[in-house]
Amino acid sequence: MKKKIVSLLAVACAGALALGGLTACGGGSSNNGGGSAAPAADQVSDDLQFVTGGESGTYYAFGTVLANYCTNNGGTSVTALSGNGSQANIQALQDGDANLAFCQSDVLAYAYEGTNLFEKDGAYKDFSIVGALYQEQVQIVTTNPDIKSVADLKGKTVSIGATGSGVYFNAVDILGAYDLDVESDINAVYQDFGDSTDSLKNGKIDAAFVVAGAPTTSITDLATSKPVYLVSLDDEHVDKLLKSSPYYAKATISKDAYGLDTDTTTVAVLAVILANDNVSEDAVYNFTKSIFDGAEAQADAHAKYAELNLETASSITTVPYHAGAAKYYAEQDIEVATK
């Protein structure tokens with residue numbers, strides 16, 4: 001993972017130079033190996049590496065906007081890097097290859113508790129919350145108008161997310177609510193957002209699970225070449241899912257997101273930014289403040305700015321908040337739990 005991050009950082013630095021140095025680039029903290037110990041450096045610099053998501057997803061696009069605004073206006077330099085999903089982002093924090101990371105709210109709970117994706121390696125607790133920014137809807141995308149329900153996925157070839165991503169567990173949960181088994185009831189393939197939409201475009205798969213804020217770039221791009229449809233969940237199965245997996249919330253994707261005929265009923269998790277515990281209080285305070293300052297100063301820079309609110313940002317209860325983030329929320333008369 002470290003080799004990949006370093007390579008991506010080199011690309012990010014080159015891009016920053018081409019843009020006149022708008023984004024600062026610097027090295028991350030050193031690798032501490034496995035386990036739950038903190039990275040070797042006692043204190044990282046204020047040149048923070050922020051691992052986001054694949055370049056066709058919302059994490060990368062919005063993360064880049066947040067990083068650039070903080071670098072140019074927030075008093076702390078932040079470099080956005082592409083990443084390989086929530087689990088890989090947690091691993092980058094643990095290995096000291098990143099200081100900040102986007103992560104799904106369910107996956108960060110798995111990491112902190114040492115369950116599901118993290119059952120083998122055990123709990124990792126040396127990170128804290130910066131803020132929950134927006135809902136990430138579970139989008140089941142197809143180009144086949146005959147697939148109208150999750151039950152219609154039986155016997156179909158379905159992408160259930162890249163290996164190491166949180167999408168896999170979201171797919172397992174939703175298919176399970178409909179009594180469908182990943183191993184026996186569908187032909188599962190493991191692809192990220194970009195590869196999934198390419199496969200849909202080329203007719204190699206029948207449907208794909210995409211967990212990201214709608215509208216998502218990869219789906220929007222697909223819709224320019226083929227008709228796309230989103231599969232709705234019915235109320236009975238949503239209620240069944242929420243009972244077994246309470247970290248989901250019922251969600252609606254507006255028909256206007258992709259120019260569809262009707263709204264889509266689904267479920268969502270939250271897109272959360274994490275910080276390693278050894279990032280300075282001042283740096284995390286500056287970054288947290290810049291997120292909300294940027295929403296006012298450059299509201300048109302990304303659609304997700306419109307979804308930010310302090311109530312959601314401070315709503316995580318499964319993992320404590322970083323002291324720097326807590327300082328900002330306290331200034332807004334909001335108290336959050338810290339370590």
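Predicted model: local features only at pLDDT ≥ 70, side-chain atom pairs only at ≥ 80, totals over all residues.
Trainee: Where does T76 lie, and which residues does T76 touch?

Mentor: A contact requires heavy atoms within 4.5 Å. Helices (H or I, at least four residues) and strands (E, at least two) are DSSP runs numbered from the N terminus. T76 sits in the loop that links α2 (58-74) to β2 (77-81). Once residues up to four places away in sequence are set aside, T76 touches D46, L48, C70, T71, A283 and N286.

Trainee: How many residues of β2 are buried, and which way do they point?

Mentor: Five of the five residues of β2 are buried, so the strand is largely enclosed by the rest of the structure. S77, T79 and L81 point one way from β2, whereas V78 and A80 point the other way. Residues on both sides of β2 are buried.

Trainee: In which sense do β1 and β2 pair?

Mentor: Two strands pair if DSSP finds at least two bridges between them. Here β1 (residues 47-51) and β2 are joined by five bridges in the parallel sense.

Trainee: What does D263 present, and is it buried, exposed or partly exposed?

Mentor: D263 has a relative accessible area of 43%, and is therefore partly exposed. Its place is the loop between β9 (249-253) and β10 (264-276). With neighbours within four places in sequence left out, D263 is in contact with S232, T252, I253, S254 and K255.

Trainee: How many residues form the largest nonpolar core, and which have the most contacts inside it?

Mentor: A nonpolar core is a set of buried Ala, Val, Leu, Ile, Met, Phe, Trp, Tyr and Cys residues joined through side-chain atoms within 4.5 Å. The largest one here has 60 residues, and F102, F127 and F287 have the most contacts inside it. Leaving out neighbours within four places in sequence, F127 is in contact with I90, L93, L108, A111, Y112, L274, A275, N276, D277, V319 and K339. Another core, of 42 residues, lies apart from the largest one, and V141, A177, V238 and Y248 are among its members.

Trainee: What share of the 339 residues in the chain is buried, and how many helices and strands does the chain have?

Mentor: Buried residues make up 55% of the 339 residues. The chain has 11 helices and 10 strands. Of the contacts in the chain with a separation of 6 or more, 74% are between residues 24 or more positions apart.

Key:
Residues numbered from 1 in each chain as written. Heavy atoms only, no water. Buried < 20%, exposed > 50% of the residue type's maximum accessible area, 1.4 Å probe, protein only.
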